[in-house]
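Hi everyone, thanks for making time.

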Amino acid sequence: MKTKYLVCYDIADPRRLSRVLRMMKGVGVHLQYSVFYCEFTWPELQDLKQRLAGEIKPDEDDVRVYPLPSAGRVVSLGLGDRVPEGVKVML
């Protein structure tokens, strides 16, 4: 069973930032500069965490993975109402 997550990061070094961005584009929907919406099984999440840990410097970078509730609506304000290209919204 897949769970929904937000993966957010703040990477200090531009080279590491590029590597993390490329990695994340392969696994999630790019919502904002350093925010991705993802759906993972538990083993997939563990794999991503291990791969990210190999790319970052823990004393300089910050990566957070937030599980999303299974029910409820997302509220967005301002430009947040845009739907990224390639994403289908099903109500």
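Okay, let's start with Glu55, which makes a salt bridge with Arg19, the closest N and O atoms being 2.7 Å apart. Glu55 sits in helix H2 and Arg19 in helix H1, so this pair ties together parts that are 36 residues apart in sequence. And keep in mind that what you're looking at is a predicted model.

How exposed are these two? Glu55 is partly exposed, at 23% relative accessible area, and Arg19 is partly exposed too, at 34%.

In general, side chains of opposite charge can pair when their charged atoms come close. How many salt bridges do we get here? The count comes to 6.

Another one joins Arg16 and Glu60, with 3.0 Å between the closest N and O atoms. Arg16 is in helix H1, while Glu60 is in the loop between helix H2 and strand E4, so that pair links parts 44 residues apart in sequence. Is Arg16 buried or exposed? Arg16 counts as buried, with a relative accessibility of 7%, whereas Glu60 is partly exposed at 42%.

Then there's Arg51 with Asp47, a salt bridge at 3.6 Å, N to O. Both residues lie in helix H2, 4 residues apart, so about one turn of the helix.

Now over to the strands. E2, residues 29-32, and E3, residues 35-40, pair in the antiparallel sense over 3 bridges. They form a hairpin with 2 residues between them, and His30 stands opposite Phe36 in E3.

Conventions
Residues are numbered from 1 along each chain as its sequence is written. This is a predicted model: local features need pLDDT of at least 70, side-chain atom pairs count only at pLDDT 80 or more; totals for chains, interfaces and linings use all residues. Side-chain values use heavy atoms; hydrogens and water are left out. Two strands pair if DSSP finds at least two bridges between them. A salt bridge is a side-chain nitrogen of Lys or Arg within 4 Å of a carboxyl oxygen of Asp or Glu. Buried means under 20% relative accessible area, exposed over 50%, partly exposed in between (1.4 Å probe, protein chains only).
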